[in-house]
Amino acid sequence: MTRELLQIVEFDIERCSLTYGSSPCTAVLGTTGVRKCYNCFFGCQDQGNFTTSTETLRFAKNQNGFERKDRIYPALQSVSTNPTEINLGGVNDRLGSLGKRARIQVKLKDFADSDIWFDRYQSERVDGTAQTDEGGYNPIDRGTFFAKLRRRFPYYIGRALRVKEGYVGESLASMRTRNYVVTEWSGPDAAGNVTITASDVLDLARDKKSQCPEPSEGRLASDIAETGLPSFDLTPATIGSEYPASGTAVIGSEIVNFTRSSDTITLTARAQGGSDASAHSTDDTFQLCYVADAERIEDVAYDLFVNFAGIDPSFIDLPAWQSEGLRWLSGYVLDTIITKPTGVTKLLSELSQFGVMWWWDDVAQEIKMRANRPLDVGETAPDLSDAATIIEDTAKISDLYDQRLSRVFFYHGVIDYTASVTDGANFRNVSVPIDASAEGPQEYDQSQAYEVFTRWLGNDGSYAAANPASARILNRYRDTPQQIVFEFDVKDVNSVEVASPVTVQSRLLVDETGNSLPSQMQITSIEEMVPGHKLRAKAQTYQFLKRYGFFTENSRPVYGSSTDAQKAQGTYFVDEVTLQFPDGTEPYVFF
């Protein structure tokens with residue numbers, strides 16, 4: 001017997017939990033307004049006492065299987081999805097360095113509504129006691145649901161929207177839920193069509209929405225000479241409260257350190273970050289800088305997401321990020337000065353070039369982070385095969401020619417942080433790993449280069465960080481990556497997750513003899529084809545096939561006496577002449 005699918009869209013709005021005119025609400029009908037409010041901030045007659053509570057509106061298709069207590073409006077027409085797609089290593093020019101954001105469109109049909117579920121004073125509108133400018137009326141005769149909602153709640157941008165999918169008889173709490181934030185609302189039009197567009201939470205980090213550092217509004221109240229460590233005031237009055245007690249700022253093209261008391265600034269160092277000291281004039285902007293001083297990648301990313309993009313920290317498992325960073329990114333210590341407001345997405349994209357990715361898990365409701373790395377000790381890649389997972393005749397394979405690399409130019413060591421950080425002339429150092437064999441006539445017979453300009457390794461740069469970062473990029477994309485696209489059943493959804501490594505066995509992936517060749521790949525995108533039933537995944541070659549070494553305890557026996565499990569979790573030194581172990585296996589490689 002086929003189970004009937006239910007799809008529900010939930011939309012959160014903020015409403016006041018107080019009752020009109022009841023303390024602490026000081027609204028008085030006929031004095032503060034001619035009608036009672038709708039418990040929304042827009043139209044509130046006592047905004048100082050507005051007490052926020054979250055109310056969830058629910059919409060579904062007109063079908064049976066819902067409980068009345070859930071208050072579900074039968075207005076849903078369709079839900080269409082453009083899925084998240086991660087950009088492994090940031091080398092795909094067709095995607096942003098943070099990949100493609102998940103985006104959904106919810107289409108609804110407007111309808112006449114009596115306001116019984118929405119308006120707490122609905123019965124008083126009918127008998128006339130909720131207004132002083134007219135008598136009673138029936139709300140169903142006035143306007144439509146979405147027209148009234150948009151007027152009452154115009155602050156919908158950035159509000160939570162969820163898509164729940166389950167089956168008749170299943171509770172709302174147990175349904176599979178995907179989480180987004182609202183970005184657009186169009187309609188209702190003359191035919192009653194309404195479209196609400198939502199994206200994943202990382203949309204809040206878009207360059208147009210969030211910048212680091214934030215623009216500063218303080219200006220010099222007097223001229224400053226080229227020399228000395230003067231004190232001076234900022235204007236307009238009280239603007240000093242927007243600056244910290246001490247920090248780093250830029251005036252024109254000079255970076256300075258300062259302390260502050262009220263509106264008075266005292267310079268403590270000049271010509272910082274490779275800049276030159278110069279004279280400055282009244283009304284020059286005193287722009288606060290963002291400084292990273294010996295910071296870790298995961299901590300800087302958390303700061304950008306939470307303190308500059310305004311993302312709720314509950315969406316981030318920082319201890320998990322720190323564990324991943326300590327394990328795989330410990331060699332990268334970040335130092336930089338960002339002198340002008342820069343899009344948060346751009347800055348995160350720069351960090352991703354060290355071999356790390358972030359994406360939104362719409363089911364777990366969490367921003368995940370993973371290094372570009374091999375499988376860890378004890379970590380397994382789920383097996384996906386034609387026989388057990390891939391729906392018949394849905395798999396397609398392609399070569400991603402434009403993502404193959406044979407050399408990487410990794411610029412580091414910024415000369416002047418006030419100059420361009422995407423111009424090689426403003427960098428002291430460049431790490432250039434080249435795979436000459438890949439460029440040779442017996443292989444690809446051409447070079448394919450990728451440039452990275454990083455401001456994150458200080459004025460001096462760091463070959464200790466830049467060399468492995470550039471080598472990891474080259475190692476992953478030295479050979480043309482392959483991509484497989486396939487469809488699978490919802491029963492396998494826990495084995496196919498974005499960014500997870502998998503082992504794919506398909507008749508499309510074969511060895512030289514034509515036998516199926518189990519291939520390590522990484523899921524880059526998952527899209528729902530039939531809600532609650534069928535999904536489509538993209539996976540890309542996961543080229544970490546060498547034998548990677550991990551530091552082990554001193555009591556570990558020699559190679560010949562170790563177990564297979566110990567060999568998989570350790571590092572042993574090979575014979576320097578044969579470069580092989582006694583069993584004929586290859587040496588270990590340090591990641």
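Two strands pair if DSSP finds at least two bridges between them. Strands here are DSSP runs of E, at least two residues long, and helices are runs of H or I of at least four, both numbered from the N terminus. With that settled, F11 stands opposite L161 in β6.

Some housekeeping. This is a predicted model, in which local features need pLDDT of at least 70 and side-chain atom pairs count only at pLDDT 80 or more, while totals for chains, interfaces and linings use all residues. Residues are numbered from 1 along each chain as its sequence is written, and side-chain values use heavy atoms, leaving out hydrogens and water.

The whole protein, then. The secondary structure comes to eight helices and 29 strands. Its C-alpha trace spans about 100 × 85 × 50 Å along the principal axes. Of the 591 residues, 49% are buried, meaning under 20% relative accessible area with a 1.4 Å probe, protein chains only; exposed is over 50%, and partly exposed is in between.

Now the sheet. β1 and strand β6 (residues 160-167) run antiparallel and are joined by seven bridges. They belong to an open sheet of eight strands with mixed pairing, in the order β3-β2-β1-β6-β7-β8-β5-β4. β3 (72-73) and β4 each have a single partner strand, so one side of each is left without a neighbour in the sheet.

Staying on β1, which covers residues 5-16, we find R15. Is R15 buried or exposed? It counts as buried, because its relative accessibility is 0%. The side chains of R15 and E55 are joined by a polar contact of 3.0 Å; that term means a pair of N or O atoms within 3.5 Å, where within protein one must be able to donate a hydrogen and the other to accept it, and residues adjacent in sequence count only if both atoms are side-chain atoms. Beyond four places in sequence, the contacts of R15 (heavy atoms within 4.5 Å) include Y38, F50, F118 and R120.

Last, the largest pocket. A pocket is an open set of points on a 1 Å grid over the protein atoms alone, where a 1.4 Å probe fits, with protein on both sides within 12 Å along at least five of seven lines; lining residues have an atom within 4 Å of a point. The largest pocket is lined by 38 residues, with W359, D361, K368, E497 and V498 nearest its centre. Elements giving two or more residues to that lining include β4 (76-82), α4 (318-328) and β28 (519-530). β20 gives the most, four residues.
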